[in-house]
Amino acid sequence: MWDMPKWMLLRTNFILRMFKTIFYITFIFLLSANARGQTSFFVSPQGSDANSGTQTKPFTTIEKAQMEARKTQGRVNVYLLKGTYYLTRPIVFTPDDSRKKDEQLMLTNFENKKVTISGGTPLNLKWEKYKNGIWKAKVDQNLVFDELIVNGELQHMARYPNYNPHARYLNGTADDVLSKERVARWKSPEGGYIHAMHPAMWGDVHYIITGKDDKGELTLEGGWQNNRPMGMHKKYRFVENIFEELDTVNEWFYDKKVKTLYYYPPKGLDIKLAKFESPQIAHLFEFKGSEENPVENITVMGLQLTQTLRTFMQNKEPLLRSDWTIYRGGAVFYNGAVNCALENCKLYNLGGNAIFFNKYNRNCEVSGCMVSKIGASAVCFVGDSKAVRSPSFNYYQFVSLAQLDRTPGPKTNNYPADCTVFDNLMFDIGQVEKQSAGVELSMCQSITVSHNTIYDVPRAGINVSEGTWGGHIIEYNDVFNTVLETGDHGSFNSWGRDRYWNPNKAILDSIVETNFDLALLDVVKPIILRNNRMRCDHGWDIDLDDGSSNYRIYNNLCLNGGIKLREGVDRVVENNIMVNNTFHPHVWFKKSNDVFRHNIVSTDYLPINVEGWGKEVDYNVFLDSTSLKAAQARGTDKHSVCGELDFVDSEKGDFRLKSGSVAFSVGFKNFAMDSFGVVSPNLKALAKKVPLPKVIALDKIKKGELINFMGAKVKDITTLGEQSATGMDSIRGVLVVEVALGSAASGFLKPNDVILSLNNKKTDKLRDLLEARMSVIGSSTDIVIFRNQKELKKRVVLGNKK
């Protein structure tokens, strides 16, 4: 009997879920209350908990239906009738709510009507004009004012600089936010927030203003939201919740001393008829169990979840030696859950994490959901650090070899395992916290992340914080428009600063040289990346950073940023396609046991401090002979080949090779190009399409050919006329012919400029420019241009926000 492949099993489960969903929402309610051992309870915002819980006499609270379900044998369906359910506290499932495997508890909508679970509260306001377009209203309720929602749309705390949806960082930044002149304008700034990027662009930091000192300077508390603290970026920062900065439409400020809300409405909004709401709680659903006494067999399905508090100031706990800190919480919070699921839900306008699996969880699933407009991460799996052997919690900390626990794997079972994130659409993630991801994995094992579409995120789409404890399968995902606000990351990003790792590279080299097996003590199962499509325009498509080990990476389509492997061991990278980019090996161990074979690269590798080339780097495919010869000169790719690649239809995303390609001679095999991303028809229809690149063959660039470079049309200088017009001393450099308005290039290039170097690499020809662009680490670099008879050196950001 053969084992069903994982992807086939997932697709079979998806089909079964589709039938299950149809069954529940279309037929079950037609049955009488106890038919076939099932019981149905109904809840309505217009109901009463004194009612019997039938369709005609529904309860009014979910808690009442929950209490009745606890008394009921057999399968229980709790149907929520159409409307909005405002929660003043989370719905908490405990082991008392657990069901037998064949007697599941289902909480869902009725007849597929819109049901919204909100952590907000409607505001009872009587507006009057204030001044300068601003209105004000007294607030009689005792409320938290962290966010304001008007007619379903998130508004902006009064801020400087004003909100700019087109700004790359933090929706608008200014370097004079903390200037004496600016601060002097603020009469009572306590309660305001300073938000800033990390100085190295690895994430962000946040501070609350506690007041002013005797010198009139701000006093701040915070900055703990990054595990490699370095203060705040000097340029990329903004301030909010300052009354004096209330000066444009859609801004608001709440003066809690006098309980007055101020709001600057946009034109066309009838402020007296508009619906105002404010989130009051951080969690909507909580599953509270343990390994010994779990919450079992509960599914939440078909609901809309919205309006939770921001949690950036509670984001304090370091995730071992990764760059991350974490707040253990989310709109849906699982702790000690088994066989529980969140299906076909819409999660939006949430201040913190959307879904969080904390510590012990087994066989849980998130599927068919749309997650957007989220303050932090979409889905997190984070285990207990007490389950980690010889843990360290800061980049520079380590446990000496003499004291190192050498037992493989975790100490306890207090971590998420054997869970699935399948067929979810995630976008506009990390709107408040930039150290965030579509899917975050830390101290967990055997998590399957499959058929998700993830885009428009400030950092990685999928992030693996460390090796503990491997076994993940990351497959068939479509991940793009990533690393939009941070730097030195990829669409997929990982670290492996596990117990063997040391920040001193010389010591680390010695550890791996003499104690190779230590590198695999935590990542006890291979991590598999396969059949994904990834594109990162501000970093690498796949980025394995410090120490990442025990990976199997195959059948991935990389559309822009290539694949990077920093030091680590036992990585097998094969049968991947890197369009318009290449392989980036960085600071490898002398004996890494790494394998790189049967891959297609667009140009020569870009190694940095590589002393040894692992177990095998061979049987690869280059687009031109120059790149192949350069690789062979380093002692790799003895059997590799080069040649023009004829894709089936690259303009439509089909990068399979046509019959007869030279790539097949060295073992490359075509893989499916129509299976990336979400599979549900409704989610497919909503998902943004990945930008497809025009394939550039560097050795096929024709004389005088125009190439798009970040929105500018550029070409080689080829004639004396071009040399004369630009004032160049010879026929060399890359001529800027045209610059599109609003493009990335428009920030630093003008027509008739000549690009002389990029990333400290001379650009005498177009090929040099394109190869230099591929060599950039992160999202910014130096460019030297020739303009008006002078050389100008500029620090530039490569790429727009979206």
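Here are some notes on this predicted model, point by point.

1. Ground rules. This is a predicted model, so local features need pLDDT of at least 70 and side-chain atom pairs count only at pLDDT 80 or more, while totals for chains, interfaces and linings use all residues. Residues are numbered from 1 along each chain as its sequence is written, and side-chain values use heavy atoms, with hydrogens and water left out.

2. A four-stranded sheet. Take the open sheet that runs β7-β20-β10-β11, with antiparallel pairing. Its edge strands are β7 (120–122) and β11 (153–154), each of which pairs on one side only. Strands here are DSSP E runs of at least two residues and helices are H or I runs of at least four, numbered from the N terminus; two strands pair if DSSP finds at least two bridges between them. Inside the sheet, β10 (residues 149–150) and β20 (residues 276–279) pair in the antiparallel sense over two bridges, and I149 has E277 of β20 as its bridge partner.

3. D323 sits in the loop between β25 (317–318) and β26 (325–326) and R228 in the loop between β16 (218–222) and β17 (237–240), so the pair ties together parts that are 95 residues apart in sequence. Both D323 and R228 are buried (buried is under 20% relative accessible area, exposed over 50%, partly exposed in between, with a 1.4 Å probe and protein chains only).

4. An exposed pair. K590 and E611 form a salt bridge with their closest N and O atoms 3.8 Å apart. K590 is in the loop between β52 (583–585) and β53 (595–597) and E611 in the loop between β54 (600–601) and β55 (616–618), so this bridge ties together parts that are 21 residues apart in sequence. K590 counts as exposed at 55% relative accessibility, and E611 counts as exposed at 58%.

5. Helix to loop. In the salt bridge between R767 and D624, the closest N and O atoms are 2.9 Å apart. R767 lies in helix α8 (residues 766–774) and D624 in the loop between β56 (621–622) and α5 (625–633), so the pair ties together parts that are 143 residues apart in sequence. R767 counts as buried at 17% relative accessibility, and D624 counts as buried at 1%.

6. A network. Salt bridges that share partners join R228, D323, R497, D543, D545, D546, K564, R566 and E567 into one network.

7. The largest cavity. About 70 Å³ of space lies in the largest cavity. Its lining includes L320, R321, R497, D498, R499 and D522 (a cavity is a set of points on a 1 Å grid over the protein atoms alone where a 1.4 Å probe fits but cannot get out, and lining residues have an atom within 4 Å of a point; the volume is the space filled by probe spheres set on the points).

8. I577. This residue is in strand β51 (residues 577–578) and is buried, with a relative accessible area of 1%. Not counting residues up to four places away in sequence, I577 touches N556, L557, C558, I600, F655, F668, F671 and M673, where contact means heavy atoms within 4.5 Å.

Terms used. Salt bridge = Lys/Arg side-chain N within 4 Å of Asp/Glu carboxyl O. 1 Å grid on protein atoms, 1.4 Å probe; cavity = no way out; pocket = protein on both sides within 12 Å on 5 of 7 lines; lining within 4 Å.
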